Amino acid sequence: MTHANQMHLPGQPHMAYRDGALWVEQVALSELARQYGTPLFVYSQAAIIAALADYQAGLAGRRARICYAMKANPALGVIRILAAAGCGFDIVSGGELQRVVAAGGQASTVIFSGVGKTRAEMRMALEAGIACFNVESEAELDVLNEVALSTGLRAPVSIRVNPNVDPQTHPYISTGLKGNKFGIAHERALATYQRAASMAGLRVVGVDCHIGSQITQEAPYMDAMDRMLDLVEAIEAAGIPITHIDFGGGLGINYNGERPPSAASLWPKLLEKLDARGFGAHQLLLEPGRSLVGNAGVCVTEVLYLKPGETKNFCIVDAAMNDLPRPALYQAYHAIVPLRPRSQAATVWEVVGPVCESGDWLGHERALALSSGDLLAVLSAGAYCMSMASNYNSRGRAAEVLVSGSSARLIRSRETIDDQLRCELRALGD
Ligand code: LLP
């Protein structure tokens, strides 16, 4: 729909100011805040589908499967959209597998990553019939073999290889360097594949890597691909056929003017390399998380108090580090914009939450014209926000709404104190 008085937010094509108010698709955010309260996460279905379409365009004509890394946002309402659009899922726990199943997704499209899979989780995933275990250590290989033999099933495996390339991102979210806990060192990989191929409970199906998250450059992907293809060549030369190559996820998004390559432009370049080296016929798997959902979501929060001070002005909002932990954890930047911009001159604010810690901030030095009671939107909040939310300070986790066109649907109701107390009262026998 076109609208006379409309202004899109940079990098957020599904969001616009219309007649002075902020909308997601065809729904006014203030209306959702009124109906469901704040803090409130709101996701745009069109933005999720558009992000997926970007990958599908980049991989057009290929035998490829996109396995959404659901740790980014495991809401059943989000998983349903992605399953219906043809995605598989990258999981890191038994709980995530149960979410896929609860959302009506197919276990046969699931790959299982993570350094600490338990025997119980392995058994559950084997019995559900997942597509692949991405094994992260030699010790895990032994345990998976034992579990598979004891269930009478053969576990399909890839080994996650640590290609030792620098993703040039925040140290907490770079995962493919030698000093990280993830994967098996590139130099050990061939020997590990030979061991895996000799184990009766395992069936080698692929190779896997994941070098980090919020990657905004092409070069780390190009380097990782070269390193991985060297390895596939060596594994196949050793007589172990490889069915799929999994390049992980990690593509960054625009939080604050970053310009990561789009999946539609990055993948043709990577595929060219794949073809040039003769691996174009292998099935490809990808594990994107953030780039599918990150910019599809916002967190709406209300200004509770304005507290001007001698050195800093504090704007205290009702969302906090328990709702949006990325600023406190990684000093991450999230843009913060008013739902209804005011015409007065802006003041510089520290935007902080109600939690009793100085680390509870959402934005430093933000120029905003504000009054208490105003509503703000924290942008790029679709990935690693609600999924990392906690009950710190006994705060209930926020509600979530999915917008599609002019309709808005509650996909998670606000957590109540009864929800929070249930496990304790049960344990206490009260
Ligand atoms: N595959 C594996 C094995 C992973 O460990 C991850 C993310 C992904 C895929 C998806 O990566 P993505 O496409 O979302 O970058 N909480 C941090 C991000 C942690 C990423 C952990 N692994 C943040 O908020 O920035």
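## A buried valine

Val 403 is buried, at 0% relative accessible area (buried means under 20%, exposed over 50%, partly exposed in between, with a 1.4 Å probe and protein chains only). The model is predicted: local features need pLDDT of at least 70, side-chain atom pairs count only at pLDDT 80 or more, and totals for chains, interfaces and linings use all residues. Residues are numbered from 1 along each chain as its sequence is written, and side-chain values use heavy atoms, with hydrogens and water left out.

Beyond neighbours within four places in sequence, Val 403 touches Val 24, Glu 25, Val 27, Leu 32, Val 42, Tyr 43, Ser 44, Gln 45 and Ala 408 (contact: heavy atoms within 4.5 Å). Gln 45 is 358 residues away in sequence, yet its C-alpha lies 5.9 Å from that of Val 403.

Val 403 belongs to strand S21 (strands are DSSP E runs of at least two residues, helices H or I runs of at least four, numbered from the N terminus). S21 (residues 399-404) runs antiparallel to S22 (residues 407-412), joined by five bridges (pairing takes at least two DSSP bridges). Leu 402 has Arg 409 of S22 as its bridge partner. Two residues separate the strands, and Gly 405 takes a positive phi near 65 degrees.

## Helices H2 and H9

The axes of H2 (residues 45-58) and H9 (residues 263-276) come within 7 Å and cross at roughly 25 degrees (axes are lines fitted to C-alpha atoms over the stretch in contact; angles run from 0 to 180 degrees between N-to-C directions). The two helices are therefore roughly parallel (under 35 degrees; over 145 is roughly antiparallel, 65 to 115 roughly perpendicular, the rest oblique).
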